[in-house]
Amino acid sequence: TLKAARFQHWAKTGPRPLEGSRVRWWGQAAGLETVYREGYVARGWTTETLVDANGFFGDSGSGLFSEDGRLVAVMSAIKAWQRNGIVFSVMVVVPVQ
């Protein structure tokens, strides 16, 4: 017989990350496995939270953790603006409520 797996440990969640909060995550940037990065919450809106960090395709769905190890957000998208050949980009994350 096959029994369902049970997790013995899991991350606690919240609270919503505030501007200036440091976050870290492991993603699959460009198809590379377990790429560790850190960043800071640059802006927290009610509709989206922006993180100043190097995100890339393959990171979507990565959990972002606070300094105390709580799961506070999930990577969703990347936004970029270009002016005169200079690119400004941020990660858009969805806070875990």
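Is K79 buried, partly exposed or exposed? K79 is partly exposed, its relative accessible area being 32%; here buried denotes under 20% relative accessible area, exposed over 50%, and partly exposed the range in between (1.4 Å probe, protein chains only).

## Basis of the model

The model is predicted: local features need pLDDT of at least 70, side-chain atom pairs count only at pLDDT 80 or more, and totals for chains, interfaces and linings use all residues. Residues are numbered from 1 along each chain as its sequence is written, and side-chain values use heavy atoms, with hydrogens and water left out.

## Salt bridges

A salt bridge requires a side-chain nitrogen of Lys or Arg within 4 Å of a carboxyl oxygen of Asp or Glu.

Strands are DSSP runs of E of at least two residues, numbered from the N terminus. E48 counts as buried, at 14% relative accessibility.

## Contacts of strand β2

R37 and D59 form another salt bridge, their closest N and O atoms lying 2.6 Å apart. R37 is in strand β2 and D59 in the loop between β3 (49–52) and β4 (63–65), so parts 22 residues apart in sequence are tied together. Both R37 and D59 are buried.

R22 forms a salt bridge with E38, at 2.7 Å between the closest N and O atoms. This pair links R22 in strand β1 (residues 22–27) to E38 in strand β2 (residues 35–44), 16 residues apart. R22 is partly exposed, with a relative accessible area of 25%, and E38 is partly exposed, with 35%.

Methods:
Helices (H or I, at least four residues) and strands (E, at least two) are DSSP runs, numbered from the N terminus.
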